Amino acid sequence: MTGYCPFQVLTAREVRCELGKGSFSPKDSEEPWACAGCSIPRVLANRPCIYLEPVKHFALRGKSITFFRCTMFGVVIDEPFRLCPQCVGNEPAPRAH
Ligand code: SF4
Ligand code: SF4
């Protein structure tokens, strides 16, 4: 994980992903399939379009799926940093204060 994730909740025993409804140990959170390999914090930190929604699914332990959904055009996007900057519908989220 690169930086702050608004979906991550830390407790004394576990790391919880509110987006994917998954919980894992602090050690597992450092694995590529968990927070350490998750592109969502990086994308959200970059003022994404207000129509971009991140999606995270934890299927089996040790596996996850991450993608983004455009609610404006109803499409799924793997790499929003390639497509969204060229899109006429791009409306960046307000700057955080
Ligand atoms: S898996 Fe991704 S979205 Fe979920 S808490 Fe970790 S960094 Fe955030
Ligand atoms: S920039 Fe365009 S493709 Fe990307 S989320 Fe916004 S409307 Fe959808």
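## The β5–β6 pairing

Two strands count as paired if DSSP finds at least two bridges between them. Across this pairing, arginine 69 sits opposite valine 76 in β6. The two strands make a hairpin with four residues between them, and glycine 74 in the turn has a positive phi of about 65 degrees.

## Model and confidence

This is a predicted model, in which local features need pLDDT of at least 70 and side-chain atom pairs count only at pLDDT 80 or more, while totals for chains, interfaces and linings use all residues. Residues are numbered from 1 along each chain as its sequence is written, and chains are lettered from A and ligands numbered from 1 in the order in which they are written.

The chain has a mean pLDDT (the predictor's confidence in each residue, from 0 to 100) of 92, with 96% of its residues at 70 or more. Confidence is highest in β4, at a mean of 97, and lowest in helix α2 (residues 80-83), at 91.

## The sheet of β4, β5 and β6

β5 and β6 belong to an open, antiparallel sheet of three strands in the order β4-β5-β6. β4 (52-58) and β6 (75-77) each have a single partner strand, so one side of each is left without a neighbour in the sheet. From one strand to the next, the twist averages 35 degrees, with axes taken as lines fitted to C-alpha atoms (for helices over the stretch in contact) and angles running from 0 to 180 degrees between N-to-C directions.

β4 and β5 (residues 64-70) run antiparallel and are joined by seven bridges.

Three bridges connect β1 with β2 (residues 15-17) in the antiparallel sense, and leucine 10 has valine 15 in β2 as its bridge partner.

## Glycine 20

The loop between β2 and β3 contains glycine 20. Is glycine 20 buried or exposed? It counts as buried because it has 20 C-beta neighbours inside 10 Å; the cut-offs are 20 or more other C-beta atoms within 10 Å for buried, 12 or fewer for exposed, and in between for partly exposed, with C-beta atoms placed from the backbone.

Leaving aside residues up to four places away in sequence, glycine 20 touches Lys56, His57, Phe58 and Ser64, where contact means C-beta atoms, placed from the backbone, within 7 Å.

## Surroundings of the two ligands

Ligand 1 is surrounded by 13 residues, the closest being Cys5, Gln8, Cys17, Cys35 and Cys38; a residue is near a molecule or strand if its C-beta atom, placed from the backbone, lies within 6 Å of it. This shell divides into ten nonpolar, two polar and one charged residue. The nonpolar class is Ala, Val, Leu, Ile, Met, Phe, Trp, Tyr, Cys and Pro, the charged class is Asp, Glu, Lys and Arg, and the others, Gly among them, count as polar.

Around ligand 2, the residues include Cys49, Cys70, Cys84 and Cys87, along with Tyr51, Phe73 and Asn90. By class, the shell around ligand 2 has ten nonpolar, two polar and no charged residues.

Conventions:
Two residues are in contact if their C-beta atoms, placed from the backbone, lie within 7 Å.
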